[in-house]
Structures are given as C-alpha cells and as structure tokens.
Amino acid sequence: MPNTAAGPQTGGALAAIPATPPHLRIEMLSQARYLSGARELVSAVCKRFGFDDGACGQIALAVDEALCNVIRHGYDKRADGRIWVSIWPVAAAEAAALRGGSGPGGVGLSLRPDEEPAGVRIVIDDQARQVDPESIKGRALEDIRPGGLGVFIIRQVMDHARFEKRAEGGMRLVMAKLLNNAAAASDPSRPGSEGPHAPPHAPNASPDRKG
Amino acid sequence: MELKVEKLDNAVVVSPTGDIDLSCSRDFQQWLKKSLESRPPRLIVDLANVPYMDSSGVATLVEAMQIARRQSTKLVLSGLQPKVRSIFEIARLDRVFTLAADLNQAQAI
C-alpha cells in the first residue's frame, strides 16, 4: 500500500538521539490502562515547553498512537512487555540550525537552565518483535476502514518521525515537534551553538539496562 | 468509560462518558454493534462527554458507519469536543461522518 501518510519529513536530524540523557523517562508495562497516564504526562510536559493546548493534545495523541501500536502489534497484546518513553527539549539553536537547513550539527545541544525549549523530542523504545521500518506505513486516507490510522496520525502531527530497529532488540520510534515560534526565539550566538558537533550517539539506547 | 443507551421514537442515542482509547474501545465497539442490531432509522453517538478519543475509538466508529450504511441506518456523531474533533480532522474523517453540534441538531439532520 502506498504511504500517503508522510508528514513534512520522516527522518532527518530531529530524528536523531541526543547524546545527553533524557530529561524525563517513564517505563511502563504494555497495558492499555497506562495510556491515559502517559498522555497526561506528555501533555503536561509539552505545555511547560511552551506548546499551546491544541499542540499538546496532538503530541499526546501521537504518543498514545505509538504506544497502542507497540501494545497491539509489537507485543501482540502481551501484558508483560516493557516500553520506555524518553523526552528531551529541543534547544533553540538546534531548532534554528535545522530550520535553516544547516544539517544535524546541533543535534542534542543541551538546554541552558534559563533557556526556553524550542521543541520536544520523544523517543519510544520497546523490546517487542522487530519489523522492517520501511514496512511501517499509514494507510491511504481514501481507504476508509477501521484501523491503520495510528502511523498516519503520528506522521501528520509530528514534524519528524522515524522507526528503527534497536540493536539490543525491539523497536524505536524517534519523534520531534518544533514550536511554531522556535525560529524567532532562537539564539544562534548562544555558547555551545557554534561550530560542528560530534555525530550524536545513543548512550541511552538500552533503557532496559539502565537503573 | 461509562455508556448510556436511550431509545427515542426514531433513533437510538448512545452516550459514552470518558476517554475512549485502547483500554475501552472494544466495549465501545460491542455497544455500538448491539445498538445497530435493531436496525434503527438513526443512530446518534453523542460524544459531548468524551474529552479524548484515539484511533482505536475512531476505528470503532468507522466500523459502525459501515454497518449502518449496509442497513440504511443514518449514523450521526454529535457534540464533538475539540480534541476529539481534532483526530477526525487529522484523519479527514470529518468529511466522511455526519457531524452535529449537539443532540438536538443530530435529531434534526
């Protein structure tokens, strides 16, 4: 089936994992009863990051859809699977670099304590069945039938979304969304924003191995 | 999620209360199917008390719409709150379903 669900971009620098540890991480069992808690937490954090109510709701929806997919398709509704949701703010300089098309040089720039985020990056890790990321596609909109909407919604709502296999087993979804006013709020002259940065790596790529 | 079913002269009104997500969409599906069994001329799903719905809830409504069309039942969704309307708009299903502002309008459409 053709993927008509593409958002503005499905990969790119925003879909990279920052080198710094997440600012917030939750671990949950693959049970639908925890979806509402995850939604509320994500929405509340995004509100503090500066997103308006509509955007907070949409980001929480994207997380909900991603978690549903892991529970239903990844773990086949098994109730004892583990899922990790990690959240980072996107720094203004990084957002400006990305919007300016200067590439991934700023990925993972840490936020100054007094700096307001310019977006949010959310990573969802699991230990579920691995599938070819290329096979994860939303259904065509004209194909009106129950199901298949989750991936479409994720790509529609977020600025970036990328599925990948984890080396440790399981799947990873990296999503990001920038604030609409991020470019205006950016400050490329901030310390640490100049010059190329080392390619990001993922020291936290195995949340299951962390405490 | 709690759910109330009311039979009117020419319609059945299903009124869920609470979030509709994967944790309860199967119950929602069962209630909708049961409400369609009597082949009412009109099925109104009043979502005025549903603050949130994810794609599992939407899928249930799509399935109900398909059953309704086959048996010539008019399916109307009423009272969509902003977050619920948003998912219908994102999926462009707001053009597919008959939407009403409230229960009164849903009975008159």
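Guide: Let's start with a word we'll need: a residue is buried if its relative accessible area is under 20%, exposed if over 50%, and partly exposed in between, using a 1.4 Å probe and protein chains only. Helices (H or I, at least four residues) and strands (E, at least two) are DSSP runs, numbered from the N terminus. Now take H4(A): seven of its eight residues are buried.

Visitor: How do you know what kind of model this is, and how things are numbered?

Guide: This is a predicted model, where local features need pLDDT of at least 70 and side-chain atom pairs count only at pLDDT 80 or more, while totals for chains, interfaces and linings use all residues. Residues are numbered from 1 along each chain as its sequence is written, chains are lettered from A and ligands numbered from 1 in the order in which they are written, and side-chain values use heavy atoms, with hydrogens and water left out.

Visitor: What makes H4(A) "mostly covered"?

Guide: Seven of its eight residues pass the buried test. They are Gly150(A), Val151(A), Phe152(A), Ile153(A), Ile154(A), Arg155(A) and Val157(A). A contact means heavy atoms within 4.5 Å, and these buried residues pack against H2, strand E4 (160–165) and E5 of chain A, together with H2 and helix H3 (82–90) of chain B.

Visitor: Why is strand E3 of chain A called mostly covered too?

Guide: Strand E3 covers residues 119–126, and eight of its eight residues are buried, so each one falls under the 20% mark. In a regular strand the side chains alternate between the two faces of the sheet. Here Gly119(A), Arg121(A), Val123(A) and Asp125(A) point one way, while Val120(A), Ile122(A), Ile124(A) and Asp126(A) point the other way.

Visitor: How do you know which strands pair with E3(A)?

Guide: Two strands pair if DSSP finds at least two bridges between them. Strand E2 (residues 82–90) of chain A and E3(A) have eight bridges, in the antiparallel sense, so they qualify. One bridge joins Val85(A) to Ile124(A). E3(A) also pairs with strand E5 (residues 171–178) of chain A, antiparallel again, over seven bridges. There, Arg121(A) stands opposite Ala176(A).

Visitor: What makes a space a pocket rather than a cavity?

Guide: Rolling a probe the size of a water molecule over the atoms shows where empty space is left. On a 1 Å grid over the protein atoms alone, a cavity is a set of points where a 1.4 Å probe fits but cannot get out; a pocket is an open set with protein on both sides within 12 Å along at least five of seven lines; lining residues have an atom within 4 Å of a point. Grid points are joined across faces, edges and corners, and a volume is the space filled by probe spheres set on the points.

The largest pocket has a volume of about 560 Å³. Of its 25 lining residues, the closest to the centre are Asn69(A), Val70(A), His73(A), Ile136(A) and Val151(A). H2(A) gives the most to this lining, with six residues.

Visitor: How do you know which classes line the largest pocket?

Guide: Ala, Val, Leu, Ile, Met, Phe, Trp, Tyr, Cys and Pro count as nonpolar, Asp, Glu, Lys and Arg as charged, and the others, Gly among them, as polar. By that rule the lining has 11 nonpolar, nine polar and five charged residues.

Visitor: What cavities are there?

Guide: The structure holds two of 30 Å³ or more.

Visitor: Why does chain B agree with a compact globule?

Guide: The radius of gyration is taken over C-alpha atoms, and the globule rule is 2.2 Å times the number of residues to the power 0.38. With 109 residues, that rule gives a value near 13 Å, and chain B has 12 Å, so the two agree. Buried residues make up 54% of chain B.

Visitor: And what is the pattern of chain B along the sequence?

Guide: Chain B runs β-β-α-β-α-β-α-β-α, with four helices and five strands.
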